[in-house]
Amino acid sequence: MRNPKQRSIGSRSLRPESLMMSYGFDPRLSEGALKCPIFQNSTFVFESAEAGKAFFELAYGLRELGPGEEPGLIYSRLNNPDLEILEDRLTLWDDAEAAITFESGMAAIATSLLAYCRPGDVLVHSEPLYGGSEYLITNVLPEFGIEPVGFQAGIPARTLAPEITKRVAGRKVAAALIETPANPTNALVDIQGMSDLIHGMGTGDQRPVVMLDNTFLGPLWQHPLEHGADVVIYSATKFIGGHSDLIAGACLGSTKILQPIRVLRTFMGTMAGPWTGWLLMRSLETLKMRMTAAMKNARYVADFLDDHPKVTSVYYLGLLRESDSMFEVYRRQCVGPGSLIAFEVKDGEAGAFRFLNALQLVKLAVSLGGTESLAEHPGTMTHADVPPDDQMRMGVTPAMVRMSVGVEHYSDILADLEQALEAV
Ligand SMILES: Cc1ncc(COP(=O)(O)O)c(C=O)c1O
């Protein structure tokens, strides 16, 4: 394909997995290299002073892009080829207009929230959230006058509406941060229902921005922009990176909604570096294979745990039944159940610790979405900063283990779980 941004052959649109190897990269600009090289550069040479002036005018929004004009490269805090090509590729999975990448998932979340929230504003958020987001929202942002109003995941939006409206009490809602499925419980939030509710809280031409952390299902199994969210956020450390060898984040949405976030990224310097961008492009080539293999394995693991006498409950989207209150939401907004499983074992924290300490193939580590299976204890690890009473209210119990199922042979994972459960 001569045009690096060609997305179809004749009338046939190409799927994202077919485009991940080449989309957005023109070998003619890099000595015919098949793969995009690492542009390990802080700065770029302008062909002329006039070209430099034009690039800055565009980068600082001093004028619009002219017909046929391309924004030029300036300095790697503003733009870099590895990040630009990566960002083009990331848009394809969620069918987003634009993407911006960050040095971590937390950098993506913090930069996005600070771009839209001001002192006196309310930030609505789901509970539970990943522990780092929870800490940022309940401990850091209030010091800047941004007030959190939390709501419980797993409850229909119409049931929650009166309580949220009462707690907002007529103040300006600037944004919402929703995490669904919630980390670690897999509880769901109805994206369309909650987006409609939050958008309805705007005043005049002010429209609250609904940000959705899609890390748990990744770009394959849930597409929040189709269900009313404005910004999709990823910890790209997880499924997008997929090899547990980097930390990164991403935001996707319309060019207009991302613009204030992009500007703040430039001035806070929270962008990813070229090496990380290059690693993520390598990872995107196998994203679908990895996520599909992990999800197939997760089904075996969930069924195994569900039948095991030492396991008291299993929280996995693939086990939801039609009688479950969130089944309809699951069918509507999720493409697949993913590969994250939370479960509770007998004998509370002591039982969970004996199980974790006995694992051999599955590694005892936080994080998720890598090729290897990992297990951790949310109550004392990823969510340790959430007070015990709040943990219980959110369904994070001492007996809970969170497992990210990897791509090993499923029977080896089951054998390891079997022997580790003997220790419970
Ligand atoms: C759901 C979710 N969001 C955000 C983050 C933060 O991402 P990072 O560690 O890349 O900053 C994590 C990390 O575990 C996460 O699980």
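These questions and answers cover ring pairs and the ligand site in a predicted model.

User: How is the model read here?
Analyst: Residues are numbered from 1 along each chain as its sequence is written. In this predicted model, local features need pLDDT of at least 70, side-chain atom pairs count only at pLDDT 80 or more, and totals for chains, interfaces and linings use all residues, while side-chain values use heavy atoms, with hydrogens and water left out.

User: Why is the pair of Phe46 and Phe55 called edge-to-face?
Analyst: Rings of Phe, Tyr and Trp (its six-membered ring) pair if their centres lie within 6.5 Å; planes under 30 degrees apart count as stacked, over 60 as edge-to-face and the rest as tilted. For Phe46 and Phe55, the centres are 5.8 Å apart and the planes stand at 75°. So the pair is edge-to-face.

User: Why is the pair of Tyr300 and Tyr410 called stacked?
Analyst: The ring centres of Tyr300 and Tyr410 are 3.7 Å apart, and the planes are at 10°, so the pair is stacked. Tyr300 sits in helix H11 (residues 287-307) and Tyr410 in helix H15 (residues 410-421), 110 residues apart. Helices here are DSSP runs of H or I, at least four residues, numbered from the N terminus.

User: Why does Tyr300 count as partly exposed?
Analyst: Buried means under 20% relative accessible area, exposed over 50%, and partly exposed in between (1.4 Å probe, protein chains only). Tyr300 has 41%, so Tyr300 is partly exposed.

User: What makes Phe55 partly exposed?
Analyst: The value for Phe55 is 21% relative accessibility, so Phe55 falls in the partly exposed class.

User: Which residues do ring pairs link into a cluster?
Analyst: Phe46, Phe55, Phe56, Tyr60 and Phe267. The structure holds 7 aromatic pairs.

User: Which backbone atoms lie by an oxygen atom of the ligand?
Analyst: A polar backbone atom of Gly105 is 2.9 Å from a ligand oxygen. A backbone N or O atom of Met106 is 2.8 Å from a ligand oxygen.

Definitions and conventions. Polar contact = N/O pair within 3.5 Å; in protein donor to acceptor, adjacent residues only side chain to side chain. Helix = DSSP H or I, 4+ residues; strand = E, 2+ residues; numbered from the N terminus.
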